[in-house]
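Have the structure open as you read.

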Amino acid sequence: MALDIIITIISALAIGIGCVGIIYPILPGSVLALAGVLLWAFTVRSAEGWWTLGLAGTLLLFGMIAQLLLTGRTLKRERIPNSSTLWGAVGAVIGMFLIPVVGLFVGFAVGLFLSEAQRRRNLAQALPATLQALKSMGLGIVVEFSCALTAGTVFTIAAITYFVTA
């Protein structure tokens, strides 16, 4: 029983840190939350664990896939190549060190915009493309975050049920 409590705390922390990781992409996000759910399910080996793995796991996978599809479709529609996204990531890393808290997001936007402006050689075309890409990524993050929070709620209800009925 003591191991169950320790693993439940570790799993809850993994899910919580995973949710933060979706918003602040330095952390692994949904993958970490899914690892927490898997760890708990295979440790408690109960109906609550297996139902949690099925429901929360499905929600987390749906969130990851939805985020990739929403973002990828917009990037393809706006004809933004992977190289621009890579420059956005470089800008995010630089921004993270230059501006505390929001530097990651500001740096990504600036890096993406500068890459698109250089590629298109036209600021008037680069700005709308960059804004569309940022909106798409924001929507993807909201969907993935919502799915992760719902998975966390499923885990919480299952953990409470597991310990109350044990």
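At what angle do the axes of helix 1 and helix 6 cross? They cross at roughly 165°, coming within 9 Å; axes here are lines fitted to C-alpha atoms over the stretch in contact, with angles running from 0 to 180 degrees between N-to-C directions. Keep in mind that this is a predicted model, where local features need pLDDT of at least 70, side-chain atom pairs count only at pLDDT 80 or more, and totals for chains, interfaces and linings use all residues. Residues are numbered from 1 along each chain as its sequence is written, and side-chain values use heavy atoms, leaving out hydrogens and water.

**Helix 1 with helix 6**
- The contact (heavy atoms within 4.5 Å) includes I5, I15 and C19 of helix 1, and F145, L149 and F155 of helix 6.

**Helix 1 with helix 2**
- Helix 1 packs on helix 2 at about 165°, with the axes 7 Å apart.
- That makes helix 1 roughly antiparallel to helix 2 (angles over 145 degrees count as such).
- Among the residues that meet are I7, A14 and G18 from helix 1, with G36, L39 and W40 from helix 2.

**Helix 3**
- Helix 3 (residues 47-77) has 31 residues and spans 44 Å from first to last C-alpha, close to the 45 Å expected at 1.5 Å a residue (1.5 Å times one less than the number of residues).
- R79 follows helix 3 and has a positive phi, near 55°.

**Confidence**
- Mean pLDDT (the predictor's confidence in each residue, from 0 to 100) is 90 for the chain, and 100% of residues reach 70 or more.
- Confidence is lowest in helix 4, at a mean of 87, and highest in helix 2, at 96.

Conventions
Helices (H or I, at least four residues) and strands (E, at least two) are DSSP runs, numbered from the N terminus. Angles under 35 degrees count as roughly parallel, over 145 as roughly antiparallel, 65 to 115 as roughly perpendicular and the rest as oblique.
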